[in-house]
Amino acid sequence: MNPALAFLLAMTFLISIGGLFLLIWALANDQFATAQSAARTIFAEGEEGVVEDPALSSDARQAMQAQRDAGQHQPDTDELEFRIEADRSSRVPVLAWTASSVLWLLLGSLFGLLASLKLHLPELLANEAVLTFGRVRPAHLNVVAYGWASMAGVGVGLWLIPRLFKEALVGGVYATAGAVFWNLGMVAGTVAILAGHSDGLEWLEFPWQIDILLVLGGALAAVPLLLTLLKRRVHHLYVSSWYLVAALVWFPMLFITGNIPGLFSGVEQAAMNWWFAHNVLGLWMTPLGLAAAYYFIPKIVGAPVYSYSLSLLGFWALALFYSQVGMHHLIGGPVPTWLVTLSIVQSVMMFIPVLAVAINHHMTVAGHFRLLLYSPTLRFVTLGAMMYTFASVQGSLEALRSVNVVTHFTHYTVAHAHMGVYGFLSFILFGSIYFVMPRLMGWEWPYAWAISAHFWLVFIGFGIYFWPLSVGGWLQGLAMLDPARSFMESVTLTLPYLEARSVGGTLMTLGHLIFATHFFIALLRQGPERQGPSLLWRRLQSGEAT
């Protein structure tokens, strides 16, 4: 075994060992002993049965509460007052990361739409080097992955930290400084890609010198998590805490390893590339999304998560099984067969955490599905959780050699990647932001129609994007396997599906424009002021319970 491959496997081993040590610590500190009672730690005393969605109008919230439970509830006002202080402590860093992410979402959407159009309109802006597909597409990927998804995920995580640890955020200024460094890295990296300077590896296109800024920004963002964790007022760590801590431990290991210059070359570099690309999805973005889902779904419906033991099983199974699944992207390549087979086995074993998470999320909502008619936040987050289940099962099946031989090198894999990053993570982040912003700004969302328009545009648009691209990709793979058909035939048959992709992408981009406009109107406290009960301090002043 050559040194580079040994190093890669050693990093994978360290990730698993780190998870094992966390498991031992959890067992030694009774993190499993509290069982289902631990699921109630995110609720104030007397709060169960109370629905909560700050994106709702007063009338809609009352109707939602009547649908959930018409009984009287008297939550502990001391706990509710602490949440006001917690939100104030995280306000500046959360807004720094979240507002930046929304701007990057807009830019990434425009890059993505342009790249999509070029697949069936290759002459479009072909005379401008900066706007060629080979530059616009990686710019889209990196802007969406690190600008939108990562920054929004960190912002939501920073908001969750004081609520989970029941301690005001400590060291928020470090996270705010981290947002500055991260944005500088994003600007420099995007300009570098558009100027033709790239490291040439998917998900790792930013030149490694620029990646140092992202490392500094991420490290600073992790400081408040660690400082607040040390001062926490709770003995038991709710499952969302585990996901957040793990994400901020795993990502630096992945990102630094993937960007060490000169360490990997040739086939080893390809192995490292897909080790990183898959793990940044499964060990960075997935924990951020699941941490939010495990908090917001129970809070909105007013019921503890269905099975707390199952939630912990899902976390530890993810930690133990995910780190080696990326090699199935190299099936048929010049890499050791045992390495690919190990990856396939690990991919199939991912059914365990996926089913654990799926059962938990969906059974928590079961019996309260009518609340989806009222709560826009619940619609986004629940749909995102459903698409996590779909994307994960699809990924495990796609790792099988019999399926991979058809889908490899086709648009099917592009559709699958978007199901994970957009269908799962982005939908959960949209819902999370709708929940968080009124708490931070003391200003309700001014236009309910804008939230509905955003949801339906991105939901319908993504459906038009995903399903035709999946069907077209599968037919493309079958055509490439047919010796009687030319390669060009496998290309031309995808054109109508690529055109559908652009139609869907246009609707999604329009939804993002509405979302961003609405976001900054609320951020600037503009638009009509609504005096409903979603603002926590107004409820306390009026004596109304929630």
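I212 has its place in helix α6, where helices are DSSP runs of H or I with at least four residues, numbered from the N terminus. This is a predicted model, so to speak of local features takes a pLDDT of at least 70, side-chain atom pairs count only at pLDDT 80 or more, and totals for chains, interfaces and linings use all residues. Residues are numbered from 1 along each chain as its sequence is written, and side-chain values use heavy atoms, leaving out hydrogens and water.

Back to I212: together with V180, F181, L184, W208 and L216, I212 makes a nonpolar surface patch of about 520 Å². Helices α5 and α6 are the elements that give two or more residues to this patch. Patch members have over 30% relative accessible area and no salt bridge, with nonpolar side chains joined within 5 Å; a salt bridge would be a Lys or Arg side-chain nitrogen within 4 Å of an Asp or Glu carboxyl oxygen.

| Residue | Relative accessibility | Class |
|---|---|---|
| I212 | 44% | partly exposed |
| Y146 | 1% | buried |
| F206 | 3% | buried |
| G395 | 14% | buried |

On to the rings: the count comes to 45 aromatic pairs (Phe, Tyr or six-membered Trp rings with centres within 6.5 Å; planes under 30 degrees apart are stacked, over 60 edge-to-face, the rest tilted). One of them is the tilted pair Y146 and F206, at 6.4 Å centre to centre and 45° between the planes. Y146 sits in helix α4 and F206 in the loop between α5 and α6, 60 residues apart.

Key: Buried < 20%, exposed > 50% of the residue type's maximum accessible area, 1.4 Å probe, protein only. Patch = residues over 30% accessible without salt bridge, like charges linked within 9 Å, V, L, I, M, F, W, Y side chains within 5 Å. Areas by Shrake-Rupley, 256 points an atom, 1.4 Å probe, with all protein chains shown as cover.
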